[in-house]
Amino acid sequence: RQRQQQWATARNSPYSLSTLRKVDFFWINRDHRAFQWFITLLGQIESEQSGLHKNFIDMHMYVTSSPETTNAEPEALRKDIFSAYRENRRDLFTGLEKRTIIGRPDWKEVFTRLKNEEKEHGKIAVFFCGPKKMGAVLHRHC
């Protein structure tokens, strides 16, 4: 079963690494443990950009289901996670400075923000890998 859609390829895309000005990297997982295999690289990126006025790569991580807890309401869990982040300046799921959001991205809000930034960063290109349903949602916003 194919789980990938490809709307642009390196051959037919007008974009290359030399023309990129900014990357908004969205990573959405159901389980917070799924971040672990890639977290070392993200930590290196975060460290290399530390102290810069503007990041070349802006990371946006989302976990769509809460970790299993006993008798914890999702809102209470969010508050506990945010409180721990404020205290340590590190995300409990990833250990990064960038905070993981519990829930799904508000794509309308995301694309509105990207459109507003278009003058500063240039044309927007979307490269996607993931489930077809999410691809269809993204495609509607493109």
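Colleague: Is L114 buried or exposed?
Modeller: Keep in mind that this is a predicted model. L114 lies in helix α3. The cut-off for buried is under 20% relative accessible area. L114 has a relative accessible area of 13%, so L114 is buried.

Colleague: Which residues is L114 in contact with, leaving aside its neighbours within four places in sequence?
Modeller: Take D24 to begin with: it sits 90 residues away from L114 along the chain, yet the C-alpha atoms of the two are separated by 9.0 Å. Contact here asks for heavy atoms within 4.5 Å. With sequence neighbours within four places left out, the contacts of L114 are D24 and I124.

Colleague: Staying with helix α3, at what angle do the axes of α3 and α4 cross?
Modeller: Helix α3 covers residues 107–121 and helix α4 covers residues 132–141. Their axes come within 10 Å of each other, and the crossing angle is roughly 40°.

Colleague: Are α3 and α4 parallel, perpendicular or oblique to each other?
Modeller: Angles under 35 degrees would count as roughly parallel, and 65 to 115 as roughly perpendicular. The axes of α3 and α4 cross at roughly 40°. The two helices are therefore oblique.

Colleague: Which residues make the contact of α3 with α4?
Modeller: By type, the residues of this contact divide into four nonpolar, one polar and one charged. From α4 come V137, L138 and H141. From α3 come W107, K108 and F111.

Colleague: How many salt bridges does a search of the whole structure find?
Modeller: One of them joins the side chains of E117 and K22. R33 and D31 form a salt bridge too, and so do R90 and E97. Searching the whole structure gives a count of eight.

Colleague: How many residues apart are E117 and K22?
Modeller: The side chains of these two meet in a salt bridge at 3.9 Å, N to O. E117 is in helix α3, while K22 is in the segment before β1 (23–29). The pair links distant parts of the chain, and the separation is 95 residues.

Colleague: Which residues are linked with E117 in a network of salt bridges?
Modeller: E117 and K22 form a salt bridge, and both belong to the network. The residues linked with E117 there are K22, D24, D58 and R113.

Colleague: How far apart are the closest N and O atoms of R33 and D31?
Modeller: R33 is exposed, with a relative accessible area of 56%. D31 is partly exposed at 27%. The two form a salt bridge, and their closest N and O atoms are separated by 2.8 Å.

Colleague: Last one: which residues is Q49 in contact with, leaving aside its neighbours within four places in sequence?
Modeller: Q49 is found in helix α1, residues 39–49. Its relative accessible area is 9%, so Q49 is buried. Leaving aside neighbours within four places in sequence, Q49 touches N55, F56 and I57.

How values were computed: Residues are numbered from 1 along each chain as its sequence is written. This is a predicted model: local features need pLDDT of at least 70, side-chain atom pairs count only at pLDDT 80 or more; totals for chains, interfaces and linings use all residues. Side-chain values use heavy atoms; hydrogens and water are left out. Axes are lines fitted to C-alpha atoms, for helices over the stretch in contact, and angles run from 0 to 180 degrees between N-to-C directions. Helices (H or I, at least four residues) and strands (E, at least two) are DSSP runs, numbered from the N terminus. Angles under 35 degrees count as roughly parallel, over 145 as roughly antiparallel, 65 to 115 as roughly perpendicular and the rest as oblique. Ala, Val, Leu, Ile, Met, Phe, Trp, Tyr, Cys and Pro count as nonpolar, Asp, Glu, Lys and Arg as charged, and the others, Gly among them, as polar. A salt bridge is a side-chain nitrogen of Lys or Arg within 4 Å of a carboxyl oxygen of Asp or Glu. Buried means under 20% relative accessible area, exposed over 50%, partly exposed in between (1.4 Å probe, protein chains only).
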